[in-house]
Amino acid sequence: MAHAHDSSQERPAILDKVRPAELPRAKLILNDRSFHWITDKVCAIVEEPTPTWWKVLFVAALFIASFTFLGMAYLVSTGTGTWGLRSPVGWGWAIVNFVFWVGIGHAGTLISAILCLLRQKWRTSINRAAEAMTIFAVMCAGLFPLFHVGRVWFAWWLFPIPNQNGIWPQFRSPLEWDVFAVSTYFTVSTLFWYMGMIPDLGAIRDRAKTWWRKAFYSLLAMGWRGGNRQWSNFEMAYLLLAGLSTPLVLSVHTIVSFDFAVSNVPGWHTTIFPPYFVAGAIFSGFAMVLTLMLPLRAIYRLHDVINQYHIDNMCKIILATGSMVGYAYATEFFIAAYSGNAYEKFAFINRAFGQYYWAYWIMVSCNVITPQLFWFKKVRENHSLVWIICLFVNVGMWFERFVITVTSLANDYLPSSWGYYSPTIVDIFTFFGTFGFFSVLFLLFIRFLPLLPMAELKIVSPQADPHAH
Amino acid sequence: MNERNERIHGVACTFRRPSDVFHAAERVRDAGWKCWDVHTPFPIHGMDQAMGLPRSPIPRLTLLGGVTGFLTGCLLTWYMNSYDYPLIVGGKPYWSVIFPFPILYECTILFAAFGTFFGQFIFNRLPHHHHPLFDLPQFSRVSDDTFMIVLEARDTNFHLDESRNFLLSLGGQEITVIRD
């Protein structure tokens, strides 16, 4: 929502001479919808009586979420032996799921922060839902390291609080960096999300009919009045938070990748990890945004505000980041061959042709091959196909983390200490349940908070220009 | 200010289009008003200049937060790993700015974000749940598609009838007196 200096007055003389062709800009809001239409459309989602599909999905999501609860309860009451972890694979699904969920979160911040700095106006239609997705995904992610510590009642040892022996955390450990990175990420994303929502909460408050609705949204809107003196500070704060979230989001997955890259395990100890992880995170996150937004667009008939242009852009980002991920896979192989290190070479040959070859080829086909379909306009316009490709990307990115984590640990230096890891039913339940947990939170968000940023949508509509006549 | 205005908060006037309110705001600014505001459903491009507002002071708090965060990170890691319970790891120095850099980086961003977020609330004087404007029926449409200029009674230019006429001359539609 940042302001640019108005350049319309100082038109360079060269433009009159060369007379450049006027290229029409893609319309962000179709059918010339009015401000009131936007308000009505978005507020109606929270104002209408609870739809049946919502109730059904909510109960289903609660049921699925109970799997995580049961899995965690069984784990805590019995011990981490109930997970499939044993020497040599001490990191299994828990870390895979953690990286998977944190990665999904990254697209939300990319949309809300990086695309804001780059003045990509199309971001406005999807940024609120994507930010909500970020926050809920980070909540799902946080569960895994929390319970992976084994004795979860000692999890506070991770925080800068002395334990009973007066010992503090050790700040040379990338796992400790992770604690700071992920908790900062969660906090800043939540602040950014909430602050961006205040004007829209004010709009819902102003339309509220019942007293409890008025009270609820008044409390959340903090008495926002939409005065330009408030907007001026708001926009500055929004821009600054976008500027702060940009290095933050890049640092979070960088530090997540340090969990691997700082160790000496073949296949992990590489400098390509930070950019490779960040590209993968954005890739998986955009796939998740589309997985969520395409059904919502159909259910709430948001075709005018989330149009083909938005979907095209997201598909193209998936294509670009998917290709970067594919390039990173190739680079890893090249560097392993070039390093002359027998263990490093073996780690990669083992990934592709060893005991986990199936996981590797699922990863490659889902992450490198399927997104290439987005080169074709016909594919991008077929929304069911887009949705299916996005599911493939989600699956592929989960397998990427599985391949990285497990293949390197299962077959490292000494063949005498090799092993084969497989998850137990407790692992599977716990992970399956997080989709329910995520859905519960996301459904509550759809029902009670503004799904699309109304104020920002109004800014990008053509009638918002004060110089238009 | 005369006694008549004691219980009056100001005068409000609505506009239908962003360009109308934009040009009206320029004229209010040129008439030398200080205590007034333009209420809009979304930030109008260039309105800060049209109102003659200075740059928002929030970046100062962001900087303050960032510096505090960096120093907090330094203090935290130095005190914990080097002073209170020195840890020998790999024969390296107890503390340097390098090894805990991710911690310092995250603390800088966290505190800068706090400065920005709370700065927005401080400079916007929020939360503020009771404001005379909320009693105005027209005000509920300001978050939808109506634009409103409010001239406040505490401004030295304020005189009920003159200010009303002034707003009329700006092309405003509904003119209402806001009572405290």
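Modeller: Leaving aside the residues within four places of it in sequence, Ala65(A) is in contact with Gly433(A), Gly436(A), Phe437(A) and Val440(A). The model in which these contacts are found is a predicted one, and Ala65(A) itself lies in helix α3 of chain A.

Colleague: Why is Ala65(A) called buried?

Modeller: The cut-off for burial is 20 or more other C-beta atoms within 10 Å, and because Ala65(A) has 20 C-beta neighbours inside that distance, Ala65(A) counts as buried. Along the chain, Ala65(A) and Phe431(A) are 366 residues apart, yet their C-alpha atoms are separated by 9.5 Å.

Colleague: What share of the contacts in chain A between residues at least 6 apart in sequence join residues at least 24 apart?

Modeller: That share is 82%. Buried residues, for their part, make up 48% of the 469 residues in chain A.

Colleague: What makes chain A as compact as a globular protein of its length?

Modeller: The secondary structure of chain A comes to 16 helices and zero strands. Its radius of gyration is 24 Å, whereas the globule rule gives 23 Å for 469 residues, and because the two values are close, chain A is as compact as a globular protein of that length. Taken along the principal axes, the box filled by the C-alpha atoms of chain A is roughly 80 × 60 × 45 Å.

Colleague: Why is α4(A) described as largely enclosed by the rest of the structure?

Modeller: Of the 25 residues of α4(A), 23 are buried, and therefore the helix is largely enclosed by the rest of the structure. From its first C-alpha to its last, α4(A) reaches 36 Å, close to the 36 Å expected at 1.5 Å a residue, although the helix bends by about 40° at Leu110(A). Just after α4(A), Arg119(A) takes a positive phi of about 55°.

Colleague: Why is Asp32(A) called exposed, and why does Met222(A) fall into the partly exposed class?

Modeller: A residue is exposed at 12 or fewer neighbours, and because Asp32(A) has 11 C-beta neighbours inside 10 Å, Asp32(A) counts as exposed. The partly exposed class lies between that limit and the 20 needed for burial, so Met222(A), with 19 C-beta neighbours inside 10 Å, counts as partly exposed.

Colleague: Which peptide bonds are called cis, and what is omega in each?

Modeller: In chain A, the bond that joins Ser87(A) and Pro88(A) is cis, with omega about 5°, and Pro88(A) lies in the loop between α3 (52-78) and α4 (93-117) of that chain. In chain B, the bond from Leu126(B) to Pro127(B) is cis, with omega near -5°, and Pro127(B) is found in the loop between α4 and β3 (147-152) of chain B.

Colleague: How far apart are the centres of domain 1 and domain 2 of chain B?

Modeller: Chain B is divided into domain 1 (3-55 + 132-179) and domain 2 (58-123), and their centres, taken over C-alpha atoms, are separated by 44 Å.

Colleague: Which helices do the buried residues of α3(B) pack against?

Modeller: They pack against α8 of chain A together with α4 of chain B, and among the buried residues of α3(B) are Ile58(B), Leu61(B), Gly65(B), Gly69(B), Gly73(B) and Met80(B). The 27 residues of α3(B) reach 36 Å from the first C-alpha to the last, close to the 39 Å expected at 1.5 Å a residue, and the helix bends by about 35° at Trp78(B).

Colleague: What makes up the side of chain B that touches chain A?

Modeller: In total, 56 residues of chain B are in contact with 59 residues of chain A. The elements that give two or more residues to this side of chain B are α1 (18-30), β2 (36-39), α2 (47-51), α3 (58-84) and α4 (101-123) of chain B, and α4(B) gives the most, with 13 residues. By class, this side of chain B has 32 nonpolar, 18 polar and six charged residues.

Methods
Residues numbered from 1 in each chain as written. Chains lettered and ligands numbered in written order. Predicted model: local features only at pLDDT ≥ 70, side-chain atom pairs only at ≥ 80, totals over all residues. Contact = placed C-beta atoms within 7 Å. Helix = DSSP H or I, 4+ residues; strand = E, 2+ residues; numbered from the N terminus. Nonpolar A, V, L, I, M, F, W, Y, C, P; charged D, E, K, R; others polar. Rg over C-alpha atoms; globule rule 2.2 N^0.38 Å. Domains from an automatic or database assignment. Expected span 1.5 Å × (residues − 1). Bend = angle between axes of the 7 residues up to and from the residue.
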